Amino acid sequence: MDAYFPPALQEHAQRVASLSLSTLFAQDADRFNRFSLSCHDLLLDYSKNRLTAETIPLLCAWAQAQGLEQARKDLFAGKRCNWTEQRAVLHHALRNRSGQPVMLDGQDVMPEVMQQLERVKQFAEQFRAGAIHAADGRPLRNLVNIGIGGSHLGPEMISQALQPYGQSGPEVRFVSNMDGADFVEAVRGLHPAETLFVLASKTFSTRETLLNSDAALQWLQRAGISGEKLAPHLLAVTAAPERAVACGVHPERILRIWEWVGGRYSWCSAIGVSVAVRIGFDHFAQMLEGAHALDRHFCSAPLPLNMPVLLALLGIWNRWLEGASTLAILPYDHSLRRFPAYLQQCDMESNGKRIDRDGQLVGYPTGPILWGEVGSNAQHSFFQLLHQGTHAVAIDFIGCANSHTALHGHHQELLANMLAQSEVLLRGRSAEEVAADLRTEGLTEEQIALLLPHRLFPGNRPSNTLIMPSLTPFNLGLLLALYEMKIFVQGVLWRVNSFDQWGVELGKKAAQQLLQESRQLQNGQAVDLSDHDASTQGLLRYLVNCMLR
């Protein structure tokens with residue numbers, strides 16, 4: 001990866017590589033203030049990274065040379081940043097609260113955006129008021145969102161995260177997996193006559209969503225809801241309205257999204273209708289305000305003071321300097337328990353690429369493997385590896401100073417654990433400290449010598465910490481847009497297209513062929529499986545034999 005960076009940055013990295021984080025803090029009492037930044041209520045502390053006063057200016061100069069500022073202008077100007085599909089990328093228009101136009105091919109997209117947003121508002125308010133009725137006149141009280149990927153992970157995560165704002169709202173559930181158990185669990189305890197299904201699919205051709213939509217229709221029909229009675233129980237969100245109509249959705253029950261909205265960036269479109277029903281449209285609008293505020297910060301702040309730019313550069317820096325090929329997202333707030341899964345898709349589907357904008361193989365690592373768990377559960381799961389393992393892992397801690405629960409003592413202890421973990425990762429525990437502890441426990445020198453290596457903590461392991469006063473809709477909007485724009489910046493600097501996902505498609509096609517062959521084998525037909533490798537042939541035959549027992 002060295003050839004990817006200019007000589008000045010390479011030389012600086014060689015000097016920094018031998019530095020200790022503890023020493024850097026000892027030498028600079030003002031390090032936290034020097035290496036932290038706020039955007040509205042969101043604080044980023046990046047002082048626990050191996051960097052000096054020279055690092056950020058050098059990284060920003062490199063980013064400028066890579067064309068980041070022009071790429072940022074192109075994104076917000078409606079240029080076709082998704083070059084493999086010749087599409088603009090305008091999810092920022094969905095939360096544009098400025099009143100200013102957003103242009104695409106000479107046309108302002110904002111009138112259509114605002115029209116659909118108004119439809120989301122009307123539907124959400126009417127549903128929450130009990131004014132959306134089934135064919136028999138009773139109000140619909142339950143909503144089940146059927147989608148997958150961005151049509152599922154974003155709305156589900158947000159609905160969980162902001163649950164305190166929707167305590168008086170309708171029952172909202174989510175189903176995505178083509179495993180039938182997911183659908184069965186999602187509708188358990190619901191009355192069909194009081195249930196609405198939101199069919200969320202940009203293309204309305206995604207197999208998982210169609211399969212679960214068919215299950216929903218059958219579930220309603222078994223309850224005697226069929227024919228014209230079905231339409232009141234269906235709402236579609238799609239860029240392919242004609243396909244939704246073919247599936248039985250009434251044209252007036254179709255909310256619009258556009259080709260320039262990537263699925264993993266679509267929570268702020270009509271895909272968020274389930275969220276608006278759950279927490280109320282006013283709270284959904286506050287999320288849009290928060291995301292728009294971050295977008296404005298991203299557009300206007302100088303690179304060294306730009307939060308998504310800094311997060312992106314630090315991610316690349318740790319990938320290079322520390323060898324951190326994975327990023328752990330660790331929210332110390334139970335409401336954000338699905339945030340790692342949401343961000344996993346957003347990041348890995350965006351920048352898990354190996355071909356650059358010139359159609360050439362990249363010669364450097366791109367998007368990291370992203371994973372995580374909510375604290376403090378994570379501490380009793382994989383923190384052993386973080387502290388004493390052989391893998392380098394980049395870490396983002398995320399915390400809220402105040403909790404929505406009444407158990408404030410719990411929350412204080414949770415936050416103390418978050419701070420302690422980031423500090424111990426930084427400082428570690430030396431041989432002298434371990435030996436002193438063991439002596440106080442009354443161990444002999446022989447016992448100490450035996451145990452000491454196992455109780456050493458190397459430390460010097462970098463992390464970022466993001467803190468907000470509380471998890472409000474506005475602050476959640478800030479957080480989501482922060483990571484979205486970070487991903488965009490890294491895609492620009494890695495020279496990959498962050499907005500296509502061809503890697504998702506090939507497996508889907510192969511699955512359809514295997515499905516057909518599986519059914520043929522079950523029916524006793526002769527099937528030529530020579531196109532498949534021996535492992536796939538053997539596994540397919542074994543599975544079919546098990547099904548026939």
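**Inside the chain: a short tour**

Okay, let's start with helix α8, where the buried residues are L153, G154, P155, E156, M157, I158, S159 and A161. By buried I mean under 20% relative accessible area, with exposed being over 50% and partly exposed in between, using a 1.4 Å probe and protein chains only. Before going on, two housekeeping remarks. What you see is a predicted model, where local features need pLDDT of at least 70 and side-chain atom pairs count only at pLDDT 80 or more, while totals for chains, interfaces and linings use all residues. Residues are numbered from 1 along each chain as its sequence is written, and side-chain values use heavy atoms, with hydrogens and water left out.

Back to α8. The helix runs over residues 153–161, and eight of its nine residues are buried, which makes it mostly covered. Helices here are DSSP runs of H or I with at least four residues, strands are E runs of at least two, and the numbering goes from the N terminus. What does the covering of those buried residues? The list includes β6 (171–175), α12 (273–279), α13 (281–300), α15 (339–351) and α20 (473–494).

Let's zoom out. The chain has 22 helices and 13 strands, and 52% of its 549 residues are buried. The C-alpha trace spans about 80 × 65 × 55 Å along its principal axes. For 549 residues, a compact globule would have a radius of gyration near 24 Å, and the 26 Å of this chain agrees with that. That radius is taken over C-alpha atoms, and the globule rule is 2.2 Å times the number of residues to the power 0.38.

Contacts next, meaning heavy atoms within 4.5 Å. If you take contacts between residues at least 6 apart in sequence, 74% of them join residues at least 24 apart.

Now the holes. On a 1 Å grid over the protein atoms alone, a cavity is a set of points where a 1.4 Å probe fits but cannot get out; a pocket is an open set with protein on both sides within 12 Å along at least five of seven lines; and lining residues have an atom within 4 Å of a point. Points are joined across faces, edges and corners, and a volume is the space filled by probe spheres set on them.

How many cavities of 30 Å³ or more does the structure hold? Two.

Q490 sits in α20 and counts as buried because its relative accessibility is 2%. Leaving out residues up to four places away in sequence, Q490 touches L311, A312, G315, I316 and N351.

The second largest cavity holds about 60 Å³ of space. Its lining residues are L94, V113, Q116, L117, V120, R256, W258, C268, S269 and A270. Helix α7 (residues 110–128) gives the most, four residues.

There's also the second largest pocket, at about 450 Å³. Of its 20 lining residues, D333, H334, S335, S403 and T405 are the closest to the centre. The lining here has five nonpolar, 13 polar and two charged residues.

One last stop: L330, in strand β10. Why does L330 count as buried? Because its relative accessibility is 0%. Beyond four places in sequence, the residues L330 touches include F382, F383, L386 and I395. I395 is 65 residues away along the chain, yet the two C-alpha atoms are separated by 7.3 Å.

Note on methods. Nonpolar A, V, L, I, M, F, W, Y, C, P; charged D, E, K, R; others polar.
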